Amino acid sequence: MSESPTEGTATDASTERAAEETPGDDEERSEIVLEVENLRKEFGALVAADDATFDVERGTITGLIGPNGAGKSTIFNLISGFYEPDAGTVRLNGDDVTGIEPYKIANKGLIRTFQTPRKLEGMTVREAMLIGPQRQPGESFHKLFTAPGAVGERERANMADVERILEEFEIDHLARQPATDISGGQMKLVELARAMLAEPEILLLDEPVAGVNPTLANKLADQIRRLHEQGTTFLLIEHDMSFIMSLADPIVVLDQGSVLMEGTPGEVRTDERVADAYLGGGGV
Amino acid sequence: MAVLDQLIELTADGVVYSSIIVLGSIGLSLIYSIAGFANFAHGDTMTVGAYSTLVFFGILGGTSISVLGLPLSFFLALLSGIAVTAVVALVTERFVYKPLDIGSIGLLITSIGVAFVYRALIQIQFSADSRRYDIDRLRPIEWLLQYNIRMTEHDIAIIASAIVLVVGLHLLLQHTDLGRKMRATADNPSLARASGIRVRRIELWTWIIGAGLAGAGGAFLGLFNQLVPRMGFNLLLVIFAAVILGGIGSVYGAMLGAFLIGMVVQLTPILTSIGIPIGSEYARALAFLIMVVVLLVRPQGIAGEAVGGGG
Amino acid sequence: MADVSTLTDPRGYWGDLTSEERGVAGFLAAAVLVLLALMLTGVLNPTYFLFLFGLGGMFGLMSLGLNAQWGYTGLINFSVAAFFGLGAYGAAIMTASNSPIAGDMNPIFGLVLGLILSAIVAIAIGIPTLRLRADYLAIASLGLAEVVRLIILNEGQWTAGSQGLRGIPAFFEGWPVLSTLPETLPQVNIEVIPGRVVTLGFPFWRQLLNVTLVLTFMAGAYLVLRRAHRSPWGRVLRTIRADEDLAKALGKNTYFFKMQSFVLGCLVMALAGVFFAHLQLFVNPGNLDPTTTFYVWVAVILGGAGSNRGALFGGFVVVAIREGPRFIEQLPPAFLTEFPPGFLRDLAFITDDVLFELPSIAISPGPLQLLLVGLLIVLIMRFRPEGMLPPQRELIWPDAVDENVRKRPDSGVREQRGGDGDE
C-alpha cells in the first residue's frame, strides 16, 4: 500500500488491491493481514471513528498517527474487539472478525498491547510472561488432573521460551522481580516480549514508548525491528513522531475519526493536510 | 371485580411502602455516585434513624396536639432522629471511609462491617425484640373504606412527609448552588472535579442528605411496621433494586425506581388472583430478579442516560 | 491445621515460612495449647471442642471456596450462604427422615445431590451475573441468594419449608466399620487435675469421626485448589483479577474462566453444607441467612485474598469469634460481672429507665458476634487490607521450575527467606 500516492484515498487503494487478489492464489496467504473498512463508532454525539478505512500489509510496520482525539485508540479497540463498531468491517487474513469477542480475535493471531498496562499484582515478571503463550493445556482445568504430565511438559517449554525471549530483550535479570516493582519502560518491554510469546501474526502496539526514557525507547525500537525482520507484522500508535517516522512505513494519518491520508514517512512529513490537522488539533 | 378491589387495596399499601423506599433510595443512589461505592450500610442507616426517633420520642413523650394521628412531639423526634442519623453517617465517613485508600470494592466491603457495627450496637441497646412507637394504632379512615382503600392517618402522614422531603430535595437540587453542583457531581464525578467544584464539600452534604432521608425512611418504616434491628438490612436489597432500576446517580431515577419496586413488592399478590402462580412470598424475589434483568439489559437504569450509568 | 504439608515435612516447611506465617503458626500453636489446657482441666468439654473444630473446618471450607472466587479471580460472590445451604439441603433431602421426596438414603447420594444442585445453581446464577461489573455482581449475587433462600423456605413440597429437615444420619452411617466405630471404641477417662475427670466416650468418638470427615473434605479441596492455583489455569484467573482486558487481549476466554472459578468455589461451599447437615443432623432455611456469607468474607479477607492457607486460618478465627461469646456466656457468673466491658456501659449515655434495660449479663451472643465481626472488617480494611497471610510466592507449575518452587521473588515483599526446604 506504500506506493499509493498522497492523492489517492485509502479506500481506493484497498478496493484496488481487493480486486487484484480475488482471483487465484488461494494457497498463498493474503498479502493483507488486516483490512479495516468504513469503520464507524459513535459515543453519543461524538463520532470517534468516522468511516475509517485502511489496510495493513503483511510484513510491514504500519504506523497510525493523528492529533489527540483523532480516534486512534478507538480504532484499536474496534479492531481488537473491545468496542463493537456501529458500522463497517474488520477482516483478519480475509476472515470477517467484526464485533467478535477480543479473545477470539487474539486466537486468530491478532494481539494487542495497552497504552497503560495495569500491573499484575502478586506475580513475578516471568509469571506475567507465562500468560502469553496460547492454547496451553494447563489452562484447561480438567487436564491439571487428567494430564499433569502434558501440563508440566508445556509449562517447562514455555518457561524455556520465557527465559530465551527475556534474554533476547535483555531483561532476563528482571525474571524474578515482582511485576509491580519494575519501571514503566521495563513494563513496556515485558509487554512486548509477552505479546511475542503469543506468536502473533500481527501485533498492535498502543503507544509503546509513551513515558519511556530515550535509551529504553531505542531498545524497544530495535526489538520491534528485529521482530519485524523475523516476520511479524506491526500496527502501532505512537505520539513520538521521531520514533514512528524512523520505524514505520507506511503511515496512516487519522483525523477526526477518518483516514486523512497514508504514505511513506517522507510523504506524511511533507503533506500539508497533515500539518493542518496537527496545528488544528493543538500541535504535535 | 374482586381483583379490582384487591388491586385498590394493595395499591394503597404500595404507595405507603414506596414512599419509604423512595426515602431510602435517594441517599443510596447519591452516595453510590458521589462517594463512589455501593454502601451496604445504607439499610442499617435507616435502622439508626428509626431507633433514634424512638429514643427522642421516648424522651419527649406524647403531646395532646396531634396531626394525622401523630403527636407533634413525634415529628420533633423524627427531625431529631434525622439529625442523629446524619451525624452518625458523617462520623462514619470521617473516621471509617475517609482514611481508606482501597478503591470502591474495598469501601463496599468496609461498609458491610459498618452495617454490622450499627446493627450490633442497636441490638445490644434495644435487644432483638420488636418495638413500636408509643402511639396508638389507628383504624383505617372511614370515608376511604367505601372506596375499598384501607389507609390510616399514619399512612397518609408517611406519604405526606415523604412528599414534603422529596419536594424539598427537588427544590434544593434545582434552585440552589449546592444542588446544581450535587447533580453535576453525581452525573460525572471526575468531570465535576475537573471543572473546579469543591467535591469534598459536596461529598459531605451528600452524606448528610442521603443519611438524613434514610433516617426519615427508617422512622416511617418503624411506624408502618415495627422496629427490629434487622429492619434496614432486610430492606437493603429492595432499595438496591430500586436504585439500579432507576439508574445509579440519578436522584429522580431513584425516586421512580423506588416507586416501581415498592409497587411490585406490594402488588405481587395480585398475580395469584389473575392466575399467575407466584405468591406474595416471592414478592422480594421478583424485585431482585427485576434488578438482575435491569443490570443485564440496561445497566444505566430506566432514567439514566448511557453516559450516566457509570458502566 | 494451617497446611497439610505441615504434617508431611515440618522442618523444611518451617524454614521456608515468612515472618508473618511464623507469627500465625505461633499463634495457632498457642491457641492449640490453651485449648488443650482448657480441655484437660475440664473447663472446655472435649466433645464440644471437637464440634467447634468441625465448625471451624466447615468455615475453612467455605473460605477456601470463596477464595477460589474472590482471591483468585476477583469475583465478588455474596451468595456463599446460598451454596452452603444448597449443599446442606442436597444432603438433607436424600437422607433426612422427614424428607418429602427422598429420605433415608445413603449419605453418599446426599453428597452427590448437594454438589449437583449447587453446580446447576452456580451456572444459573453465573450466566447472567459474571458479565457484570464487580460491584453489580456483589449486589446481584446477594439478591439471587435471597431468591434461593425464599425458594427453599416456600417450596415445602420439596424442602419441608420452615420446619426444616430432621433425622439426618451421621455421614458414615451405612459404611462398613466407620458406621459403628464410635460405639465400639472404649471410654477413656483422663484425670489431670485430681477430682476433675474428663471422659471421652461415644459422643467424643462420634465428633472425632466428624472432624475426620471435615479434615478429609478440607484436605481434598485444599489439594485440588492448590494445584489449580499454581497452574496456568490459575494464572489466567489471577490475570483476570488484575486486569481482565489484558487476559482477553491475550486470547483468554475470560467469561468461561470466571464461570469455572465460580462453579468450583460454589462446589467447595456446598461441600461445607453437606458436612454441616451431617454435623447438625438438622437443617432449616435459617441456615441460608446472608450473615453467614459475610462471616466467610471476613475469614477470607482476614486470611488474605488469594491465600488458601489464609482462608483456612480465617475460617477458624471466625468460628472463634462466633462461638467465643457463647462460650464466655457459659463461664461462671463471677467471670461475667466484669464482663460487659466499660465501653458498653458508657454507651448507655441516655440511661433512661424504659429504654435501657441492661441486665447484669448484658449481651446475648448474637449482637456481640456481629459487633466483633463488623469491627474486624473495618479494622482489617483500615490497617491490613491484604490480610494476615497474603500470597507471596511465585505460582508456577511445580515441575516446570528446576529450582525450589517455594522461592519468593529476589527482591520480594519479605525480607528474609528460608533455606532450601522443599515441598
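**The strands of chain A**

Guide: In this predicted model, strand β1 (residues 32-43) of chain A and strand β4 (residues 87-92) of chain A run antiparallel and are joined by five bridges. Within this pairing, Leu34(A) is set opposite Leu92(A) of β4(A). β1(A) has a further antiparallel partner in strand β2 (residues 46-57) of chain A, with eight bridges between β1(A) and β2(A). In that pairing, Lys41(A) has Ala49(A) of β2(A) as its bridge partner. β1(A) and β2(A) make up a hairpin, and two residues lie between the strands. The turn contains Gly44(A), whose phi is positive, at about 60 degrees.

Strand β6 (residues 110-112) of chain A runs parallel to β7(A), with three bridges between them. Leu110(A) stands opposite Ile202(A) of β7(A) in this pairing. β7(A) is also joined by five bridges to strand β8 (residues 233-237) of chain A, again in the parallel sense. Leu204(A) has Leu235(A) as its bridge partner in β8(A).

Five of its five residues are buried, so β7(A) is largely enclosed by the rest of the structure. In a regular strand, side chains alternate between the two faces of the sheet. In β7(A), Ile202(A), Leu204(A) and Asp206(A) point one way, whereas Leu203(A) and Leu205(A) point the other way. The residues on both sides are buried, Asp206(A) among them.

Chain B contains 13 helices and two strands. Its radius of gyration is 19 Å, close to the 19 Å given by the globule rule for 311 residues, so chain B is as compact as a globular protein of that length. Along the principal axes, its C-alpha atoms fill a box of roughly 60 × 50 × 40 Å. Of its 311 residues, 53% count as buried. Among contacts in chain B between residues at least 6 apart in sequence, 76% link residues at least 24 apart.

Chain C has 18 helices and two strands. Of the 423 residues of chain C, 49% count as buried. For contacts in chain C between residues at least 6 apart in sequence, 75% link residues at least 24 apart.

Chains B and C also touch one another. Their contact takes 41 residues from chain B and 41 residues from chain C. On the chain B side, α2 (42-60), α4 (103-126), α10 (231-246) and α13 (283-297) each supply at least two residues. The largest share of that side, 17 residues, comes from α4(B). By residue type, the side of chain B that touches chain C divides into 30 nonpolar, eight polar and three charged residues.

Key. Residues are numbered from 1 along each chain as its sequence is written. Chains are lettered from A and ligands numbered from 1 in the order in which they are written. This is a predicted model: local features need pLDDT of at least 70, side-chain atom pairs count only at pLDDT 80 or more; totals for chains, interfaces and linings use all residues. Two residues are in contact if their C-beta atoms, placed from the backbone, lie within 7 Å. Helices (H or I, at least four residues) and strands (E, at least two) are DSSP runs, numbered from the N terminus. Ala, Val, Leu, Ile, Met, Phe, Trp, Tyr, Cys and Pro count as nonpolar, Asp, Glu, Lys and Arg as charged, and the others, Gly among them, as polar. Two strands pair if DSSP finds at least two bridges between them. The radius of gyration is taken over C-alpha atoms; the globule rule is 2.2 Å times the number of residues to the power 0.38. A residue is buried if 20 or more other C-beta atoms lie within 10 Å of its own, exposed if 12 or fewer, and partly exposed in between; C-beta atoms are placed from the backbone.
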